[in-house]
Amino acid sequence: MILCVLLPRFELAVAAGGREALARGPMALAPEPGRDQLIGEVSQAAEACGVHPGLRLGEALARCPTLALVPPDPVGVADAWEQVLQRLESIGAEVEAPRAGLAFFDGHALRRLHGGARGDDPAAALRARHGAPPPWLDPLVTVTRRALEVPSRIGAGPSRFCALAGASRARTRRAEVVDGAAALAAEPVALLRRREDTASLVEPLERLGIPTLGALAKLPRGKVADRFGALGLLAHDLARGKDAPLRPRKPGETLEETLELPESASGEQLGRALGLLVDKLLARRERDGRTLRAVVLSARLVEGGTWRERVVFREALADAGRMRLALGQRLIHLPAPAEALRLAVERFGPPHAGARALFDDGTAQRRARLQEAVRQARAAAGPDAALRVLEVDPDSRVPERRAVLTPFE
């Protein structure tokens, strides 16, 4: 059974300075500079005015003229969300986190670790077969809430989307279980907006008079494919309770370098600061000769707010020059001068071939190379091309008797 942990309006709460700020009135995350003019997460008061995430900025202001726009803080959100994920991983969960504020993990794998005494109760297991929640769910939810240390909504279900539906309608004190397509039938199609890939289908479905997931699941699959393509088939599967398996992340080590800039920097100054950061990161002992596959470049802006860019290299790199070339192109998109620059490793690549020790190839491999060299030498110069010195009488007064030449084996 999959468990979903939902922290509603996580990005907005971090950017606004706390959840208490969300009660001041309708507010929404402003679009990031240089990106599409779409608003981010919205407060509950803004939702009451018909504003939802992904809406065009002009349309959102038309629907709610008193809407307050909060500058996004992607760096602060990433740091805060990483702390939440580490707390979940501290209870043994393998977490998949598609975005900040939303995480999934397999609860069945933790039933023996945190399921408590009720996990072995035959009567409770029998009740679970007839639709009741499994006996290990409540102890596991209690452990999860204690680890998170923040108010959260937890849902459970046989698939990722069922668990998300349960978390969306759960209260903060009790987990909600959605056990399949029958329990999803009454949910509105607006639930598809919580997934980034199906969010664009909500408005056309509502215009066509399909208000619930149950109505979507009853449609012929071929007609859904003709009208909406691959995304329509995905939404159809989700409405029937089907979803892809979890892809949990690999808990990684934190390796980052930060440079405080004495003055607001841009242009050439920022390029030199980036070069210094790359050199410091590659020189860290913790890197242990590994290449870098993906990094995160972020900055704290002079005008307030932060900027964050994830960079995946075409191939794993350990060359400072190529990294500067790839990352320098991203600095062009920096919306304002920066007062601090940070470079962090998100994923490592394989060890760099040129960073191996001189004789770090193993004894067997070295002996095989030596035998091949002897064979080639004898093939070119005859059987006496490779000989070794064997000591026979090292104390002899006659030098010729001290050692003899024998074939090299």
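User: In what order do the strands of the open sheet come?

Analyst: This is a predicted model. Its open sheet has 5 strands, ordered β4-β5-β1-β6-β7, with mixed pairing.

User: Which ones are the edge strands?

Analyst: β4 (96-99) and β7 (176-177); each of them pairs on one side only.

User: How do β1 and β6 run, parallel or antiparallel?

Analyst: Antiparallel: β1 (residues 2-6) and β6 (residues 153-157) are joined by 5 bridges. Within that pairing, C4 has G155 of β6 as its bridge partner.

User: Which strands does helix α7 touch?

Analyst: Helix α7 (residues 137-148) packs on the sheet and touches β1, β5, β6 and β7. The angle between its direction and that of β1 is about 30°.

User: And α4, which strands does that lie across?

Analyst: Helix α4 (residues 74-89) lies across β1, β4 and β5 (102-106), and runs at about 15° to β5.

User: Switching to α14. Which residues are buried there?

Analyst: In α14 (residues 320-328), the buried residues are A320, M323 and L327. They line one face of the helix, because they fall within an arc of 60° when viewed down the axis of α14.

User: What covers them?

Analyst: The cover over the buried residues of α14 includes helix α13 (268-282) and the strands β9 (290-301), β10 (306-317) and β11 (338-351).

User: What does D319 reach at the start of α14?

Analyst: The backbone nitrogen of G321: a side-chain oxygen of D319 comes to within 3.3 Å of that atom.

Key: Residues are numbered from 1 along each chain as its sequence is written. This is a predicted model: local features need pLDDT of at least 70, side-chain atom pairs count only at pLDDT 80 or more; totals for chains, interfaces and linings use all residues. Side-chain values use heavy atoms; hydrogens and water are left out. Two strands pair if DSSP finds at least two bridges between them. Helices (H or I, at least four residues) and strands (E, at least two) are DSSP runs, numbered from the N terminus. Contact means heavy atoms within 4.5 Å. Axes are lines fitted to C-alpha atoms, for helices over the stretch in contact, and angles run from 0 to 180 degrees between N-to-C directions. Buried means under 20% relative accessible area, exposed over 50%, partly exposed in between (1.4 Å probe, protein chains only). The arc is that of the directions from the helix axis to the C-beta atoms. A polar contact is a pair of N or O atoms within 3.5 Å; within protein, one must be able to donate a hydrogen and the other to accept it, and residues adjacent in sequence count only if both atoms are side-chain atoms.
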